[in-house]
Amino acid sequence: MLNACESLDGADDLLQAVPTVIGMSDEINDASAVTFAARFYAGIASAQSVSTAVEQAKVAMIAASLDGAELPVLKTRDDVDPGDLILVRPPE
């Protein structure tokens with residue numbers, strides 16, 4: 001995740017090295033950024049897919065009446081399905 005305002009530029013270049021990039025399409029205020037990051041990482045840590053974690057983070061922003069839920073943009077390589085991409089798996 002690119003944790004900076006207007007970080008979507010250059011995301012396509014990064015996709016050559018990583019399967020997915022989350023960037024901000026414009027400036028985002030601190031409270032919105034913190035809420036997004038906290039909920040996103042909580043989703044990832046609880047074995048949610050990347051796309052589910054992003055959607056949960058956006059919903060958390062809306063539920064907290066914060067601006068900018070439309071700013072985080074998930075980009076993936078053509079060969080990656082973010083709905084299937086799980087970064088953390090619980091121990092068996």
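F36 and F40 sit 4 residues apart in helix α2, about one turn of the helix. Helices here are DSSP runs of H or I with at least four residues, strands are E runs of at least two, and both are numbered from the N terminus. The model is predicted, so local features need pLDDT of at least 70, side-chain atom pairs count only at pLDDT 80 or more, and totals for chains, interfaces and linings use all residues. Residues are numbered from 1 along each chain as its sequence is written, and side-chain values use heavy atoms, without hydrogens and water.

Start with the rings. Phe, Tyr and Trp rings (six-membered ring for Trp) pair if their centres lie within 6.5 Å; planes under 30 degrees apart are stacked, over 60 edge-to-face, the rest tilted. The count comes to 2 aromatic pairs. F36 and F40 are stacked, at 6.0 Å centre to centre and 5° between the planes. F40 and Y41 are edge-to-face, at 5.2 Å and 65°. F36, F40 and Y41 form one aromatic cluster.

Now the burial. Buried means under 20% relative accessible area, exposed over 50%, and partly exposed in between (1.4 Å probe, protein chains only). F40 counts as buried because its relative accessibility is 5%. F36 is buried too. Y41 is partly exposed, because its value is 45%.

Next, the charges. E6, D9, D26, E27, D67 and E70 gather in a surface patch of negative charge. Like charges are joined within 9 Å, nonpolar side chains (Val, Leu, Ile, Met, Phe, Trp, Tyr) within 5 Å. D26 lies in the loop between β1 (20-24) and α2 (30-45). At 39% relative accessibility, D26 is partly exposed.

Technical notes. Patches are made of residues with over 30% relative accessible area and no salt bridge: like charges are joined within 9 Å, nonpolar side chains (Val, Leu, Ile, Met, Phe, Trp, Tyr) within 5 Å. Accessible areas come from the Shrake-Rupley method with a 1.4 Å probe; for residues, only the protein chains shown count as cover. A salt bridge is a side-chain nitrogen of Lys or Arg within 4 Å of a carboxyl oxygen of Asp or Glu. Lys and Arg count as positive and Asp and Glu as negative; His and the chain ends are not counted. The place of a charge is taken as NZ of Lys, CZ of Arg, CG of Asp or CD of Glu.
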